[in-house]
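This report looks at how two chains meet and at the spaces around them. Start with the structure itself.

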Amino acid sequence: MGYFKDIYVAVSSMLEGMKLTGRNFLHFRKYLTQEYPENRDSLVLSPRFKGELILKHTLENEHRCTGCSACELACPNGTIRIISKREETADGKSKKRLDAFVWQHAMCTFCALCVDACPTDALKMDQAFEFAVTDRAMLMKKLNKEGSNLVEELK
Amino acid sequence: MQPTVEVLNERDYILNVGPQHPSTHGVLHLRIKIEGETILDVEPVLGYIHRSIEKMSEALTYRQFIQMTSRMDYLSAHMNNLACALAIENALQVEVPDKVKYIRTILCELTRLASHQLWWAANGLDLGAVTPFFLAFRDREAITDIFEEVCGSRLTMNYIVPGGLMEDVPEGFADKIKTYLDTFERTLSEYDQLLTGNEIFRGRNIGVGVLTKEEALAYGCTGPVARASGLSCDVRKWFPYEMYDKLSFEEIILTEGDSYARYKVRIAEMYQSIKILRQLLDGIPEGDFQAKVKKIIKLPAGEFYQRVETARGEFGVYIVSDGKSSSPYRIKFRSPGLSNLAALPFMTKGAKIGDLIAVMASLDLVIPDIDR
Ligand code: SF4
Ligand code: SF4
């Protein structure tokens with residue numbers, strides 16, 4: 001008798017689970033799966049999503065980086081290298097200016113400590129996240145755009 | 001130390017499970033001594049994912065090393081970060097604003113939910129049930145979305161920092177979680193319907209992998225593994241931190257000690273987490289999201305220890321500071337997974353190979369946490 005009871009218990013408990021599967025099959029509310037990359041256009045990431053590091057540039061191609069190296073020091077992985085240069089100002093003084101902001105994408109752990117450390121709020125984490133490249137060297141990136149300058153208020 | 005598996009006898013039959021095995025959830029290597037299908041002994045072999053996090057931390061500042069702890073037990077990233085932040089705050093004797101405490105506790109409980117959901121998914125999958133995996137990932141996805149909105153990451157958070165939080169929580173943070181809890185409370189009963197009562201699942205778990213209270217104590221097991229053996233060890237109760245002393249929740253303790261008891265403890269803990277979250281969400285006070293802490297942190301000379309309850313058990317951070325430099329002199333992490341894994345040979349002695357997988361699934365191991 002116990003034998004049949006076991007079978008009954010096993011089958012009924014499994015049917016109980018199947019009931020859920022069946023209900024979900026018949027009453028789908030909405031598709032939960034997203035079809036990537038087909039949904040690229042409609043894909044919304046949260047504003048804080050840490051995809052890549054960027055140096056903010058204005059429309060006039062100006063950035064806010066003074067080349068103080070605080071971000072370089074804050075980074076746990078040695079991902080950032082600030083290369084600075086000396087520049088003559090209008091009144092003949094020589095001042096330190098940013099030459100190249102080098103960010104090694106492959107070494108970044110996206111902790112945002114650099115963004116936090118910057119005294120002039122020059123850095124930002126951006127949403128882009130597709131970075132597959134064919135060569136490691138392509139992940140070595142210069143973040144300041146060609147011909148960009150420091151914004152007037154920080155000069 | 002004596003190796004648990006004696007391989008000197010040439011007649012012993014040794015079976016290697018892993019390091020590339022789908023059911024070990026990572027690069028865990030087990031050497032099993034068997035006779036027929038019966039397990040005589042199990043020896044875990046570690047080191048395949050050793051990244052030397054403790055040593056690396058000695059070269060980093062107190063602010064920098066925390067991001068590395070997200071990469072240990074990646075399913076409890078917030079709790080690991082919190083342990084480090086608390087250790088540093090206690091050493092500096094900084095009192096964080098109430099708002100920070102609330103939000104930290106909320107994030108920790110959400111992490112616990114997400115971690116238990118993933119465990120439930122994997123537990124079903126290990127025993128051959130695929131549906132739980134999709135159900136649990138559907139629920140977990142919503143939590144990771146909340147995390148993404150709050151801290152920009154889905155796994156490696158680095159949001160809880162010494163002195164407070166990285167940035168303030170976004171608009172509608174509490175409401176979002178409330179809506180989520182309403183839906184999740186409903187779907188949590190589906191978990192029971194699908195797996196808890198299933199006869200095959202029960203048959204493979206009840207009475208399998210029994211760990212006695214004494215063994216759990218002797219091997220330093222913590223978390224749901226120890227609580228399923230009747231050992232009261234919840235850090236949230238014993239050494240409350242943040243908001244936990246002001247909340248009402250139960251420590252789930254069962255006495256059977258088998259895989260099924262461990263399963264039931266975690267399911268019950270999910271209900272407790274929901275209860276905790278409900279108590280917190282309405283009362284988040286206004287205030288700052290950071291206390292004043294210097295940019296360059298230097299701890300006074302001495303030793304500091306802080307423990308928190310992660311989804312897997314007690315996680316501890318032990319910091320030795322020389323009082324001069326801005327990086328720790330020595331850091332030691334106490335990871336719950338290592339102790340829980342150490343008890344595996346006792347649970348599986350005399351069991352069959354198939355049961356080994358069921359027992360490991362019930363331990364909820366995260367290998368990067370064991371091997372750091
Ligand atoms: S980005 Fe900010 S922190 Fe880094 S060098 Fe420029 S100004 Fe300094
Ligand atoms: S996000 Fe972190 S790892 Fe990446 S560059 Fe900034 S500080 Fe370095």
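Two residues count as in contact when they have heavy atoms within 4.5 Å of each other. By that rule, 29 residues of chain A are in contact with 30 residues of chain B. The model is predicted.

**The interface**

The size of an interface is often given as the accessible area lost when the parts come together. Here chain A and chain B bury about 2,300 Å² between them. Carbon and sulfur atoms carry 50% of that area. On the chain A side, Leu20(A), Arg48(A) and Lys50(A) lose the most area to chain B. Together they make up 27% of what that side buries.

Polar links cross the interface too. The rule finds 15 residue pairs in polar contact between chain A and chain B. It also finds 2 salt bridges there. One pairs Arg23(A) with Glu190(B), and their closest N and O atoms are 3.9 Å apart.

Which elements of chain A give two or more residues to the side that touches chain B? They are α1 (2–26), α2 (70–74) and α3 (113–117). The largest share, 11 residues, comes from α1(A). By class, this side of chain A has 16 nonpolar, 7 polar and 6 charged residues.

**Pockets and cavities**

The structure holds 6 cavities of 30 Å³ or more.

| Space | Volume | Lining residues | Lining by class |
|---|---|---|---|
| Largest pocket | about 1,900 Å³ | 45 residues | 19 nonpolar, 12 polar, 14 charged |
| Second largest pocket | about 370 Å³ | 14 residues | 8 nonpolar, 3 polar, 3 charged |
| Largest cavity | about 90 Å³ | 13 residues | 7 nonpolar, 4 polar, 2 charged |

The largest pocket has about 1,900 Å³ of space. Closest to its centre are Tyr31(A), Leu32(A), Thr33(A), Arg138(B) and Glu141(B). Two or more lining residues come from each of α1 of chain A and α5 and α6 (173–196) of chain B. With 14 residues, α5(B) gives the most to this lining.

In the second largest pocket, Leu73(A), Ala74(A), Arg63(B), Lys295(B) and Ile296(B) lie nearest the centre. Here α2 and α3 of chain A each supply at least two lining residues.

What lies nearest the centre of the largest cavity? The residues are Leu75(B), Ala114(B), Arg140(B), Phe147(B) and Met157(B). Both α4 (98–126) and α5 (131–151) of chain B supply at least two residues of the lining of this cavity.

Note on methods: Residues numbered from 1 in each chain as written. Chains lettered and ligands numbered in written order. Predicted model: local features only at pLDDT ≥ 70, side-chain atom pairs only at ≥ 80, totals over all residues. Heavy atoms only, no water. Buried area = accessible area lost by both parts, 1.4 Å probe. Salt bridge = Lys/Arg side-chain N within 4 Å of Asp/Glu carboxyl O. Polar contact = N/O pair within 3.5 Å; in protein donor to acceptor, adjacent residues only side chain to side chain. Helix = DSSP H or I, 4+ residues; strand = E, 2+ residues; numbered from the N terminus. Nonpolar A, V, L, I, M, F, W, Y, C, P; charged D, E, K, R; others polar. 1 Å grid on protein atoms, 1.4 Å probe; cavity = no way out; pocket = protein on both sides within 12 Å on 5 of 7 lines; lining within 4 Å. Points joined across faces, edges and corners; volume = space filled by probe spheres on them.
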